[in-house]
Amino acid sequence: MQGDGLEITYWGVRGSHPSPGSHTVKYGGNTPCIEVEAGHSRVIVDAGTGVFALGNSLTKQPSHFHILFSHVHWDHVQGLPFFAPLRDPTVQVSIYGTARCLPLLRALLTQELRGIYIPTPLEQLKAQLNYHAFRIGESFVVGELKIDTVVLNHPYLSVGFRFQANGRSAVFFSDTAPFTDILFGYEYRPRPPRPDEALDEYEKERLAELEQAAIDLCHQTDLLIFDGHFTPQEYPRFAHFGHSTPEHALDIARRAQVKQLAIFHHAPARTDAQLDAILAEYQPLARQDNIELSLAREGVTVKL
Amino acid sequence: MMQLRFWGVRSDIAIPGRSTLKYGGNTLCATVIDDQGNLCILDAGTGLIPLGRELVKQEFGSGEGQALFLISHGHWDHTQGIGFFTPFYIRDNRFTFVGAGSEELAFYDTLESQLSPALSPLQSLNHLLARLAFRETDGQSFQWGTLEIQVQRLPGSAKPGMDYTPLGFRLNQGERSLVYIATIEYPAEELPDDIVAFAAGADLLIHEAYFGMYDYQPGWGHSSVSLAVKLAQKARIPRLALYHFNPTDTDDHIDQMVKNCQQLANNTAGSPLEVMAAREGQQLII
């Protein structure tokens, strides 16, 4: 990349499952994948179907890729086996995830699951793979990028990442429920709460802690990328799905005093026209708090 | 009379974007409806998801729908729509799945293990509200509505670790029939007699087109598209719908492949053959 700032490129912005068709041509129909670059350092975050185009777009390939995983729900891993650099024996690929996710990622790439789930033969995968487990809350470094982690409120846990380099920062909270209606953060909840079932004190305290840690991590960040899967009208029916609305995103952005907010993880059936309408509705609201609001869009690079 | 419709024609991974707008970017799914309205769903890739949104506008929306799923094998481009198929979330809809397992996993387990809590918020097929039944094929033909369904085990990749057996399906109604071969790798690039016999005399062959005529790579579990043309001709099938396209194939590439196949058919002595490419949303009456 040029200069010494921090750059974010969106390769997949759609949640749950890929959504091909004429209704998604503008914002894109690929599942989550972003690229974060600072100087000569680069990481890929999540490997939804967007990583397929990323892998095929590289004209001058680096010899070492770093791929971070927020979690391993299908929409965040389904592009990985089709990432073209994995077929190059001269390439090294480092995979980063929590200890509970790494065995599954390893199985997807190396073991028996390939023959059963993935339609390409194992021997095509020639890159040198290595795996790095991190604990949520831990920080680590990839080249010039300092990376911090926080737990989000999502089934089976999702990790939020902050990237810092050259005095700039960006935060990726791709999958999280708001910190109000249900506690997913540390344990899975087998069923949604009944409408008459209030959260108990323990759950409320835990959620408040999770929320504070999330807000602390994105305090005054240059760019917060946040789950805006549902509209406020849809949300009550899907409160237990582990996703937020643009209103929830804006609430966190305000309290953390972020500079730019990008709504991410668009619902698969949401059309380009509907997304344009969401942007038109929330942009003026965000501006009142000096927040520049955008919708994450495939192919766009944000320079910080 | 059978009504055929394609909902997803792409292999491996869904490909959204401008380069796939004509033929569509969803992974594999097709439907056949017999003349009494019985619904048969062939494979359950992401094409299944828009199908589900259509079905809930009819009897599936009120829990009165039923359908048969024929799954050619458990690779996720044939199954990844299952967790997002809205008729599964409506009580009393009924579904029967027919497919095959692998050496390690029963058919049911190939589907169930793809919905484990790590991979899917759904966590289990048991959380679906509809009634689902799973039948491992015994290779025998069976009846669904007025359709007679024949099942044929097909050769797949011979490479180690590729533990699966793809199935081919033949749907017959009266004098009419179509053959569905979504995934096959012909051993030594020869047409086995049992597969020619299985397809013989059908009105339409739906056949994979993962590789073009000149880029076949052994071991991937797929075949050169020229073998699709040869099978159609040898089995005296008048129409061939290319299906299961490589994810890197753009619409233009597919157009060219159809031309090449048509030319190959025209230049080969044998029964006349019309070649077309399966397109998302396209309907054919058989």
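## Terms and model

Two residues are in contact when heavy atoms of theirs lie within 4.5 Å. The model described here is predicted.

## Gln217(B)

Leaving aside neighbours within four places in sequence, Gln217(B) is in contact with Glu185(B) and Phe211(B). Gln217(B) sits in the loop between strand 11 (204-209) and helix 4 of chain B. Its side chain makes a polar contact of 3.4 Å with the side chain of Trp220(B).

The relative accessible area of Gln217(B) is 37%. Because this value falls between the 20% limit for buried and the 50% limit for exposed, Gln217(B) counts as partly exposed.

## Interface of chains A and B

In chain B, 40 residues are in contact with 38 residues of chain A. The two chains bury about 3,500 Å² between them, and 68% of this area is on carbon and sulfur atoms. On the chain B side, Trp76(B), Leu119(B) and Trp220(B) lose the most area to chain A, together 22% of what that side buries.

Three residue pairs, both residues at pLDDT 80 or more, are in polar contact between chain B and chain A. The residues of chain B that touch chain A comprise 17 nonpolar, 16 polar and seven charged.

## Nonpolar cores

The largest nonpolar core has 65 residues. Within this core, Phe6(B), Leu70(B), Leu171(B), Leu242(B) and Tyr243(B) have the most contacts. Helix 4 (residues 225-234) of chain B supplies the largest share, six residues.

A second, separate core has 37 residues, including Val72(A), Val91(A), Leu108(A) and Tyr117(A).

Definitions and conventions: Residues are numbered from 1 along each chain as its sequence is written. Chains are lettered from A and ligands numbered from 1 in the order in which they are written. This is a predicted model: local features need pLDDT of at least 70, side-chain atom pairs count only at pLDDT 80 or more; totals for chains, interfaces and linings use all residues. Side-chain values use heavy atoms; hydrogens and water are left out. A nonpolar core is a set of buried Ala, Val, Leu, Ile, Met, Phe, Trp, Tyr and Cys residues joined through side-chain atoms within 4.5 Å. Buried means under 20% relative accessible area, exposed over 50%, partly exposed in between (1.4 Å probe, protein chains only). Helices (H or I, at least four residues) and strands (E, at least two) are DSSP runs, numbered from the N terminus. A polar contact is a pair of N or O atoms within 3.5 Å; within protein, one must be able to donate a hydrogen and the other to accept it, and residues adjacent in sequence count only if both atoms are side-chain atoms. Buried area is the accessible area (1.4 Å probe) that two parts lose on being put together, summed over both. Ala, Val, Leu, Ile, Met, Phe, Trp, Tyr, Cys and Pro count as nonpolar, Asp, Glu, Lys and Arg as charged, and the others, Gly among them, as polar.
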